[in-house]
Amino acid sequence: MAFEKEKTNEFTNIKKVIAIMSGKGGVGKSSVTSLLGVSLRKKGYDVGILDADMGGSSIPKIFGINSEKANISSRGIDPVSTSTGIKVMSLSFLLDKSDSPVIWRGPLISRTIKQFYTDVVWGDLDYLLIDLPPGTGDVPLTIMQSLPVNGIIVVSSPQDLVKIIVKKSVDMAKKMNVPILGIVENMSYYLCPDCRKKINIFGKSNAKKVAKEMDIELITQIPIDPKLAQLCDEGKIEIYDKINHLLTDSFSNKITLK
Ligand code: ADP
């Protein structure tokens, strides 16, 4: 079934839209979205991040811009820029108290996210990354139906890769005819700082096997890194220096702008 896709305003031109999903919360979806944004920005691309995870909004905090407010003009809503120039839009920029929980019903959230696509003055963007809420509910469904998403990245932890929840995310993207770019396994292992041995804290990963069974690329396996957690917590992800493993050759090829 084909769905009518939303269009951006006249001040915006977005080349590629990539949505990041996960089967459940807490696996590092927002961290991976942010890392991808930072990696692409470092390569010189114009990057935007649309925070669609309204229930667990963490993008503004990860970039240290959670007390910012969005400027609204006759052209639309201006996104907030991070220190390296990534443009971010989040509901928290429009609320009086950015830390109060958003207890809206699905349809209102979906409508707001569509507006973030259509009414935000994104300008020229090479990549718009959408941090989806976890799971396969209304909001990810609406986004896949109504925004021109070019590809999906599924983030999972080693524990969930054995379970049905990752498969559900993958099945949803397949049903909606949105290409799956691959899986990122986060918190995959811990690298002992003394002996450099990989320690499988959550048990041995079977990411490769699961990815193969689902016929999806395993983009990368990100270790547990206390430094990453600390920088995300302090809003300083842009100075994290171990990010290049996300843009592997094969993944970069898939998202290259034609
Ligand atoms: P989600 O968006 O899936 O709910 P977050 O990206 O908010 O998850 O991450 C949840 C928590 O885990 C955060 O405190 C984050 O800093 C931490 N975290 C994410 N990835 C890693 C990692 N690879 N190493 C250490 N901590 C991580």
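Below are legends for close-up views of this predicted model.

Residues are numbered from 1 along each chain as its sequence is written. Local features need pLDDT of at least 70 and side-chain atom pairs count only at pLDDT 80 or more, while totals for chains, interfaces and linings use all residues, and side-chain values use heavy atoms, with hydrogens and water left out.

Let's start with D51, which belongs to strand β2, residues 47-51; strands (E, at least two residues) and helices (H or I, at least four) are DSSP runs numbered from the N terminus. D51 is buried and has no salt bridge. Here buried means under 20% relative accessible area, exposed means over 50%, and partly exposed lies in between (1.4 Å probe, protein chains only). A salt bridge needs a side-chain nitrogen of Lys or Arg within 4 Å of a carboxyl oxygen of Asp or Glu. The nearest side chain of opposite charge to D51 is K29, 6.8 Å away; for charges, Lys and Arg count as positive and Asp and Glu as negative, with His and the chain ends not counted. Look instead for two side-chain polar contacts of D51: one with S57 at 2.5 Å, and one with S90 at 2.9 Å. A polar contact is a pair of N or O atoms within 3.5 Å; within protein, one must be able to donate a hydrogen and the other to accept it, and residues adjacent in sequence count only if both atoms are side-chain atoms. Leaving aside residues up to four places away in sequence, D51 touches a set that includes I59, P60, M89, F116 and D131, where contact means heavy atoms within 4.5 Å.

**View B. The salt bridge between D131 and K29.**
The side chains of D131 and K29 meet at 2.9 Å, N to O. This pair links distant parts of the chain, with D131 in strand β7 and K29 in helix α1 (residues 29-42), 102 residues apart. D131 is buried at 0% relative accessible area, and K29 is buried too, at 6%. Salt bridges with shared partners join K29, D53 and D131 into one network.

In the K15 and D126 pair, the closest N and O atoms are 3.1 Å apart. D126 is buried, at 10% relative accessible area. For D46 and R41, the closest N and O atoms are 3.4 Å apart; D46 is partly exposed at 33%, and R41 is partly exposed at 23%.

**View D. Helices α3 and α4 packed together.**
Helix α3 (residues 106-118) and helix α4 (residues 138-146) pack at about 35 degrees, with their axes 9 Å apart. On the α3 side, the contact residues include I109 and I113, and on the α4 side they include V139 and I143. Axes are lines fitted to C-alpha atoms, for helices over the stretch in contact, and angles run from 0 to 180 degrees between N-to-C directions.

Most residues other than glycine have a negative phi. N177, not a glycine, has a positive phi of about 60 degrees; this residue lies in the loop between α5 (164-175) and β9 (180-185) and is exposed at 65% relative accessibility. R196 also has a positive phi of about 60 degrees without being a glycine. R196 lies in the loop between β10 (190-191) and β11 (198-199) and is exposed at 55%.
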